Amino acid sequence: MIIRKFLQSDVTELSELMRKTVMKSNSKDYSKKAVQRLCDEYVPERLLKDVRRIDIFVVSEKSKLLGTISLVGNRISRMFVLPEFQGKEIGSRLIKYVEQFAKKNGITNLRVRSSLTAYGFYQKLGYQKTRRASNKFVGPIIWMKKKI
Ligand SMILES: CC(C)(COP(=O)(O)OP(=O)(O)OC[C@H]1O[C@@H](n2cnc3c(N)ncnc32)[C@H](O)[C@@H]1OP(=O)(O)O)[C@@H](O)C(=O)NCCC(=O)NCCS
């Protein structure tokens, strides 16, 4: 299993991974409309455009993508592990990888706009709630932070 930077050739598979995970894992906490909005955001064209301003990383095993995480400045974003591969420490590895990457780039505090779904996961990894908010695009989210 390796963690590496996203390549343009990953785009179709990455888009499917994000959309599949949102539909399966986040649909228990979010409305149909919110899930649809997120799926619309994770289309290949958008991802290719975003890569110019966002660091996107993927976990790959035997050339299959299993998960992803992005860093926008000092904010963790778009973290997904395929439903059938969740609970195998892939998410924790991604977080550790990004924390090291951020540190090397002089970042000392990370933030995340956690989904309700992933809140317990980030807590386990040392992230603390700063406030709960309502995002007009998807609904309830929880801002969290960690000193690294
Ligand atoms: C959140 C997510 C990335 C976690 O990835 P993962 O590979 O399943 O996580 P791990 O296996 O590394 O879990 C690490 C620890 O957190 C715990 N954990 C994982 N998800 C959890 C959750 N939703 N609530 C509480 N604890 C959780 C695990 O049990 C594990 O604990 P342990 O070390 O005591 O065994 C994954 O479940 C996911 O893709 N969720 C849906 C998408 C999403 O909401 N992403 C976040 C957007 S902000």
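Because the coordinates are predicted, local features are given only at pLDDT of at least 70 and side-chain atom pairs only at pLDDT 80 or more, whereas totals for chains, interfaces and linings use all residues. Residues are numbered from 1 along each chain as its sequence is written. Helices (H or I, at least four residues) and strands (E, at least two) are DSSP runs numbered from the N terminus, and two strands are taken to pair if DSSP finds at least two bridges between them.

E2 and E3 run antiparallel and are joined by seven bridges; among the facing residues, Val58 stands opposite Thr68 in E3. The two strands form a hairpin with two residues between them, and Lys62 in the turn has a positive phi of about 45°. On its other pairing, E2 meets E1 in the antiparallel sense over four bridges, and here Val59 is the bridge partner of Ile3.

Five bridges join E3 to E4, which run antiparallel, and Thr68 has Phe80 in E4 as its bridge partner. The pairing of E4 (residues 75-81) with E5 (residues 109-114) is parallel and rests on two bridges, with Arg75 standing opposite Arg111 in E5.

Taken as a whole, seven strands form an open sheet of mixed pairing in the order E1-E2-E3-E4-E5-E7-E6. Strand E1 (2-5) and strand E6 (128-135) are its edge strands, each pairing on one side only. Neighbouring strands of this sheet are turned by 25° against each other on average, direction ignored, where axes are lines fitted to C-alpha atoms, for helices over the stretch in contact, and angles run from 0 to 180 degrees between N-to-C directions.

Two packed helices are described by the angle between their axes and the distance between the axes. The axes of H1 and helix H2 (residues 32-41) come within 9 Å and cross at roughly 165°, and H1 and H2 are therefore roughly antiparallel to each other, a label for angles over 145 degrees. In this contact Arg19, Val22, Met23 and Asn26 of H1 meet Val35, Leu38 and Cys39 of H2. By class, the contact has five nonpolar, one polar and one charged residues, where Ala, Val, Leu, Ile, Met, Phe, Trp, Tyr, Cys and Pro count as nonpolar, Asp, Glu, Lys and Arg as charged, and the others, Gly among them, as polar.

Of the 20 residues around the ligand, Gln86, Gly91, Ser92, Ala118 and Gly120 come nearest, a residue being near if its C-beta atom, placed from the backbone, lies within 6 Å. Helix H1 (11-26), E4, H4 and helix H5 (119-124) each supply at least two residues of the shell, which by class has six nonpolar, 11 polar and three charged residues.

Methods:
Parallel < 35°, antiparallel > 145°, perpendicular 65-115°, else oblique. Contact = placed C-beta atoms within 7 Å.
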